[in-house]
Amino acid sequence: MRPQEAVERALELSRADNCIVIADESSTANLRWAGNTLTTNGVTRSSRLTVIALRETGDGVAAGVVSRAAVGADGVEELVRAAEADAAGNEPAEDAAPLVAEGPAGGAAGWDDDPAETGIGVFEGFAPALGEAFAAAEAGGRRLYGFANHVLTSTFLGSSAGLRLRHDQPTGLLEVNAKGAGGSAWAGVGTRDFTDVDVPALTGDLARRLEWGERRVDLPPGRYETILPPSAVADLMIYMYWSAGAQDAHDGRTVFSAPGGGTRVGERLASLPVTLSSDPAAPGMECAPFVVAHASGRESSVFDNGLALGATDWISEGTLAALTQTRHSARRTGLPVTPPVDNLAMTGPGGGASLEEMVARTERGLLLTCLWYIREVDPQSLLLTGLTRDGVYLVENGEVVGAVNNFRFNESPVDLLSRLAEVGETAPTLPREWSDYFTRAAMPPVRVGDFNMSTVSQAS
């Protein structure tokens, strides 16, 4: 049974007052390598069907949600009945709202077509370039390790209100780690189809960083002028984005809660006029233009399924402009409905300098590669702790003079915004820590005058 047929069959079988059905069909292709040698490759496929049964009660609407993998034609009715039984046992949902009857323009295009699929062919242009990189690394005494992964998911969403929507989402990522006499270095990139991946540029940068690492310098903990590359900025900004739920802020639980009640929307957060935004139509970062909610929570609502998404500024020229909202939380906060979008971009004033230009203007400071093992310490300030990884470099008089030890850092991304000294040129990037969950990001390098390296880390 094709996924759209499963949606139609589930809706036909439903005895609930209203029903929403989501079918996700995914295919995955991957390559892995170690020591300059390709080790594995493969293709997998998976499917999931989610039924949301809605039962009208005397004082609201109760929702029952059941989701299962690999549901065949003979399993659809059992899934529908399970969702209805779940709804029968639940109290009215606090986020209940009328079903969305009309999605974004063109959202139903391709409804009757087969699900999109990926395969090993997606690496057709990438694989030869990777082979050349292996040879160059071998000749230079370096070893390359890493993986490339491509997922293509077709989502079909239908409801008893007549809604029919489809979205095909390609998600690719590449991570490469190089090892040599200069330690280790990392590079990563997100992509839709691997045609835009510049392997020589990535591996050339790794070779340069390994050369930097051949001279070691030990530094104590402290506050250092620090240049964070786009990947590190992405990891911090994405965590902040995930923490920007309007309902939690309204309830006084987060860094975005206003003293005395309400939220900090309208308050200036950044020292420079930076903008943090999402747009489902952003070139190279296109994502679903409508809400797909498999379950309700504090930042999502199954009743919002199919709601059109648009470009949203979360921070506009330094000022907090919006928090992630469901229709339910928007009613509570009195703010516009701004559901989360599956991409994130940060831009600064003007064009901004390149990372290399920022390094050239540095008298003395640190240049990071990436962050990892990020954990939250305090939700009220959004204080995070984590470690540097795969290269921290000392810059003196505009040149990298060596690699220093790793550090544990303690910083809040919100507080960091208020201490920005420079914002560079925005470019597509891959968050190292969160790449399993979020790949569509474009960030600038930033300079912070006093980044808090709280302790020396023994990680290498």
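Which residues does the UniProt annotation "domain: Metalloprotease TldD/E C-terminal" cover? Some friendly notes follow.

1. This is a predicted model, where local features need pLDDT of at least 70 and side-chain atom pairs count only at pLDDT 80 or more, while totals for chains, interfaces and linings use all residues. Residues are numbered from 1 along each chain as its sequence is written, and side-chain values use heavy atoms, with hydrogens and water left out.

2. To the opening question: the annotation, from an unreviewed UniProt entry, covers residues 221-454 (such annotations may be inferred rather than shown by experiment). The end C-alpha atoms of that span lie 5 Å apart.

3. The domain assignment (automatic or from a database) gives domain 1 (3-208) and domain 2 (215-459). Their centres, taken over C-alpha atoms, are separated by 24 Å.

4. About 2900 Å² is buried between domain 1 and domain 2, with carbon and sulfur atoms giving 61%; buried area is the accessible area (1.4 Å probe) that two parts lose on being put together, summed over both. In domain 1, Asp-95, Val-100 and Trp-186 lose the most area to domain 2, together 22% of what that side buries.

5. Three salt bridges (a side-chain nitrogen of Lys or Arg within 4 Å of a carboxyl oxygen of Asp or Glu) are found across the interface of domain 1 and domain 2. Elsewhere in the list of side-chain pairs, Glu-175 and Arg-432 meet in a salt bridge at 3.8 Å, N to O.

Terms used: Helices (H or I, at least four residues) and strands (E, at least two) are DSSP runs, numbered from the N terminus.
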